[in-house]
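Hi,

Here is the structure I said I'd pass on.

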Amino acid sequence: MKELLLGNAALARGLYEAGCKFISSYPGTPSTEITEEAALFKEIFCEWAPNEKVALEAAHGASLGGVRSACAMKHVGLNVAADPLFTISYQGLNAGLVICVADDPAMHSSQNEQDSRHYAIAAKVPMLEPSDSQECLDFAKAAYALSDEFSTPVFIRTCTRIAHSQSIVQTGARTEVPDVPYKKDPAKVMMTKNSRDAHVRLEKRMKELGARAETLGINRIEKGGTKIGIIASGACYQYAKEVFGEEASILKLGMVHPLPENLIREFASSVSDLYVVEELDPVIETFCRALGLAVHGKDVFPLCGEFSPNLIASRMGKRLPPSSALNEPLPVRPPVMCAGCPHRALFYLLQKNKCMVYGDIGCYTLGAVAPLNAMDLNVCMGASCSGLHGFNKALGEQAEQHSVAVIGDSTFIHSGMTGLAEIAYNGSNSTVIILDNSITGMTGHQQNPSTGKNLYGEPALKVDLELLCRALGVSHVSVVDPYDMRRTEAALHEALAAREPSVIISRRPCVMIKGTVRNPPLHVDAEKCRGCAACLKIGCPALSLHGGKCVIDRTQCAGCGVCSLLCSFGAIADGE
């Protein structure tokens, strides 16, 4: 059967058809839909783990239990999973394990542009890279075959364009793979001699995989003109193919680690000018240069950002047919928090009180943009808590009374708990604000251990954030509704003045959660409005000025009432 599938959906379908039975992941754009789509198959148990480290450890545990397993994450999530990754590579498996990692060139929804191929090289784990939805499905099956044969986890690396584009896929039936009985093996305890022996086996395995790369059908030469030869994989293969067609020969790589040395040499000898077209770092180019090949790569193409057919054509002196263009330029649309977002009032108060705000990763990162301008910096999941501790230890009381950390409920469970323990244990009078919107918002409303529901929306154990914070050593814990700005500001002043660690839980569900009750839209009394624009300081997209008067877009307004609290003239009110 042929279907039009998103790359992530096709990858999930491939895991299903290959007999996968267990998937554990943490949501991260652009990888999230892999697990969500896989959860539609009743034969696969899927779950959201607290973080990527836990997800990989759980998936490896399922492998040891004898079933094919998988986990999915974005590139920065792989940093979190790196600790178990390296040792799992040494230890080996019992059943196949596939790790899906999605890179984000151009940082559409990420804080950096790291290249996950470096992890495959460093951990000595094979990596496949599909270039369309059909290959996403096919490579999932190929990955399990390699994983079972070599007792190694196998990466499938995608990027935003492959994960979130659609193409035709030929789907098939599921293959039921027999469970592998568990057998106790003392050699799997990674310590001293066992680890040294495992490293020897690992190096032998990589040599064998290098030899296999030469004959894998997913690495292939597509013959065309012999003047230009292009080595590419993933989305870059599609771009190069679109630009050159049959004018150039292409070595299309499906396995990007280990690379096929002999096949690359053979291809290089068949063309006059050799180019490596790869986004981000010169991984393939460096390999080619180590082989002594003359090759163009980052001397022609940029290190930063996404590629496109136009970029490749312009850099290689190729002219494309002129494309149509809009007559009028598109208006700039900066990212903004939703109308009625519970975080908006809190960030307004932090900006009003001139707080140094150590931010974190989530939709609340938008608190950094105008007009709120209320976030000073962010680094990675959970860094707000531990980073604030170090900041306050460095500057002392002058910082403690004016600085806060902000972190979402899902991010706090992911990586913030240990940072809060650091604050309590090592004694800084730091204030942590947990923005509890009852969901993992930035990646599309996934559940987490603090929401009381599992991936399937079924009732599940709910972590009590107040009790958790107290158990970690913080006694000064308060809970506020951010819509109640007066109480929220009072709680902020109390926390900053406290000579002990403190936590404020700003609790109100995300307005975009299905079933969330909204108040009726507000309206503006034009006679009372003075056009002072004080209400616009919160940056709500439902508010604007027309003819010198404030106007509320009823289709967007969530009736939160925050804007009315900023109006000194009583011009914003409920009802018609």
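Which helices each supply at least two residues of the lining of the largest cavity? They are helix 13 (342-352) and helix 19 (562-566). Helices here are DSSP runs of H or I with at least four residues, strands are E runs of at least two, and both are numbered from the N terminus.

Before the rest, some ground rules. This is a predicted model, in which local features need pLDDT of at least 70 and side-chain atom pairs count only at pLDDT 80 or more, while totals for chains, interfaces and linings use all residues. Residues are numbered from 1 along each chain as its sequence is written, and side-chain values use heavy atoms, with hydrogens and water left out.

Cavities and pockets

Both come from a 1 Å grid over the protein atoms alone: a cavity is a set of points where a 1.4 Å probe fits but cannot get out, a pocket is an open set with protein on both sides within 12 Å along at least five of seven lines, and lining residues have an atom within 4 Å of a point. Points are joined across faces, edges and corners, and a volume is the space filled by probe spheres set on them.

The whole structure has 5 cavities of 30 Å³ or more. The largest cavity comes to about 110 Å³, and of its 18 lining residues, G340, C540, C557, C560 and C563 lie nearest the centre. That lining splits into 14 nonpolar, 3 polar and 1 charged. For the classes, Ala, Val, Leu, Ile, Met, Phe, Trp, Tyr, Cys and Pro count as nonpolar, Asp, Glu, Lys and Arg as charged, and the others, Gly among them, as polar.

The largest pocket holds about 720 Å³ of space. It has 35 lining residues, with S109, Q111, I361, G362 and M442 nearest its centre, and the lining is made up of 12 nonpolar, 20 polar and 3 charged residues. Helix 4 (75-91) and helix 16 (409-426) each give at least two residues to that lining.

The second largest pocket has a volume of about 240 Å³. It is lined by 14 residues, and W48, K453, N454, L455 and A460 are the closest to its centre. Here the classes are 8 nonpolar, 3 polar and 3 charged.

Helix 3

Helix 3 (residues 52-64) runs for 13 residues and spans 18 Å from first C-alpha to last, close to the 18 Å expected at 1.5 Å a residue (the expected span is 1.5 Å times one less than the number of residues). Its buried residues are E52, A55, L56, A59, H60, A62 and S63, where buried means under 20% relative accessible area, exposed over 50% and partly exposed in between, with a 1.4 Å probe and protein chains only. Seen down the axis, the buried residues of helix 3 fall within an arc of 155 degrees, so they line one face of the helix; the arc is that of the directions from the helix axis to the C-beta atoms. They pack against strand 2 (22-25), strand 4 (69-74), helix 4, strand 5 (97-103) and helix 16, with contact meaning heavy atoms within 4.5 Å.

G28 and P30 both sit in the loop between strand 2 and helix 2 (32-38). G28 is buried at 4% relative accessible area. Leaving out residues up to four places away in sequence, G28 touches K74 and T443. Its C-alpha is 9.7 Å from that of V101, 73 residues apart along the chain.

P30 is buried too, at 1% relative accessibility. A cis peptide bond joins T29 and P30, with omega about 15 degrees. Not counting residues up to four places away, P30 touches N8, K74, A102, D103, D104, T160, A163 and H164.

- Another cis peptide bond joins A370 and P371, with omega about 5 degrees; P371 lies in the loop between strand 14 (356-358) and helix 14 (383-395).
- L280 is not a glycine, yet has a positive phi of about 70 degrees. L280 counts as buried at 2% relative accessibility.
- S438 also has a positive phi, near 65 degrees. S438 is partly exposed, at 26%.

Cheers
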